[in-house]
Amino acid sequence: MKKILAILLALAMVLSFAACGGKEKAPEAKALKAGFIFLHDENSTYDNNFMKAAEEACKEMGFEIIKKVQIDESNACYDAAAELVDDGCSVVFADSFGHEDFMIQAAKEFTDVQFCHGTGTKAHTEKLANYHNAFASIYEGRYLAGVAAGLKLNEMIAAGMDAKDAKMGYVGAFTYAEVISGYTAFYLGAKSVCPSVTMDVQFTGSWYDETAEKEAANKLIANGCKLVSQHADSMGAPSACELANIPNVSYNGSTVTACPNTFIVSSKINWVPYFKYMLDCVKNGKAIDTDWTGTLATESVQLTEVNEKAAAKGTQAKIDEVKAQLEAGTLHVFDTAKEGFMTVKGAPVTSYNADVDTDEKFTPDTEVVSDGFFHESEFRSAPYFDLRIDGITLLNEKF
């Protein structure tokens, strides 16, 4: 009886093999999944910029995308990361500075999963094989946007405004190096074409607070600012400028639809190149850079189309000219060699130790000035420029 059963089992296997065309059926490929953690949702210009890039990259690279939104900078980030691992994600990305410690915690626990973080500072000191930081030289985009702002001020001066009144306003979230680097680059871009420019900065203490950002913009306008820009994530400042008919340079995307009369241009980080790189590495088993810095050349730093209705004549041509100089390395944003261009308390900047290897006391550890300029985002991807240069007044510093 046993012999007959064995013969029947063997026959069944032969018939099954034949039904498959004489070949063993290959196991189904494991689905590729990527998880993304966002501080806010699509109503935040900052997070929406990440979301669109993640969706585009995942579609092109053949990954299923799983999104976690409204994840604050707390243990909620670790929980979200752990859930994404449980969902089968082979890579997890988080988009906000305060997510970093929780992403590191997850990376140490789930060593078979890659964890990537935008704006973070600790990957190069943590030295984890599965934890990585990424950012871009957005200070170059800010500088180009500043050039557009300076040209607009020149247009106002030509129309009768006193050159001494060429004051800009800037709505900033926090007094972090990322924000300081950005507003300083914007100011220097404007100064490169409008030497008399000054700038006031008002901080909100939040990345996304539409009411506070609108109030900050209104305070700057009341303080005599003739143009306003921002490093904050809502439509608060642009909408205030549109209502007051004050030219505006926004961030992370065009606001021309809502602000057709005042929007000039916007700079942003295009995250598609990084996400495609990240996903390609995961897909093909390649190591991801510990610190990855996107540039103008990688199309990671971009400007929107110039709104000709609000911008000064010739703005796009000037932006193109300056962009070519930045890409060629003949122009540097934080130029310390150009006399009077970037000073601190009236003195030229000849040396500076920055806190690159971040610690709790923000101890300076790396010389970053050489060859006539401050080398931003070269020793790590996230900004570390935190100089308080002349020409910029901080109206509040509690954040």
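Hello everyone, and thanks for coming. Residues are numbered from 1 along each chain as its sequence is written, and side-chain values use heavy atoms, with hydrogens and water left out. Since this is a predicted model, local features need pLDDT of at least 70 and side-chain atom pairs count only at pLDDT 80 or more, while totals for chains, interfaces and linings use all residues.

Let's start with the whole chain. Its secondary structure comes to 11 helices and 19 strands. Those elements are DSSP runs numbered from the N terminus, with helices being H or I of at least four residues and strands being E of at least two. Along its principal axes, the C-alpha trace spans about 105 × 45 × 40 Å. Of the 399 residues, 52% are buried. By buried I mean under 20% relative accessible area; exposed is over 50%, and partly exposed is in between, using a 1.4 Å probe and protein chains only. Now for contacts, which are heavy atoms within 4.5 Å. Among the contacts with a separation of 6 or more, 65% are between residues 24 or more positions apart.

Now please find helix 10, residues 272-284. Helix 10 has 13 residues and reaches 18 Å from its first C-alpha to its last, close to the 18 Å expected at 1.5 Å a residue. That expected span is 1.5 Å times one less than the number of residues.

Which residues of helix 10 are buried? They are V272, Y274, F275, M278, L279, C281 and V282. And what do they pack against? The partners are strand 1 (33-37), helix 2, strand 3 (91-94), strand 4 (114-118), strand 5 (131-136) and strand 11 (291-294).

M61 is found in helix 2, which covers residues 45-61. M61 is buried, at 13% relative accessible area. Leaving aside neighbours within four places in sequence, M61 is in contact with K276, L279, D280 and K283.

E60 is partly exposed at 47%, and K276 is partly exposed at 28%.

Two other bridges sit within single helices. E155 and K152 have their closest N and O atoms 2.8 Å apart. They are three residues apart in helix 6 (residues 138-158), so about one helical turn separates them. Here E155 is partly exposed at 34%, whereas K152 is buried at 12%. In helix 11 (residues 315-328), E321 and K318 are also three residues apart, about one helical turn. Their side chains meet at 3.3 Å, N to O. E321 has a relative accessible area of 39% and K318 one of 25%, so each is partly exposed.

A quick stop at T262, in the loop between strand 9 (248-251) and strand 10 (263-269). Is T262 buried or exposed? T262 is buried, with a relative accessible area of 1%. Not counting residues up to four places away in sequence, T262 touches C241, E242, N245, I246, P247, N248 and A310.

Finally, the largest pocket. A pocket is an open set of points on a 1 Å grid over the protein atoms alone, where a 1.4 Å probe fits, with protein on both sides within 12 Å along at least five of seven lines; lining residues have an atom within 4 Å of a point. About 660 Å³ of space lies in the largest pocket, its volume being the space filled by probe spheres set on the points, which are joined across faces, edges and corners. The lining has 26 residues, and F97, T121, D355, T358 and F362 lie nearest the centre. Helix 4 (100-109), helix 5 (123-126) and helix 7 (177-191) are the elements giving two or more residues to that lining. Helix 7 gives the most, with three.

How values were computed
Salt bridge = Lys/Arg side-chain N within 4 Å of Asp/Glu carboxyl O.
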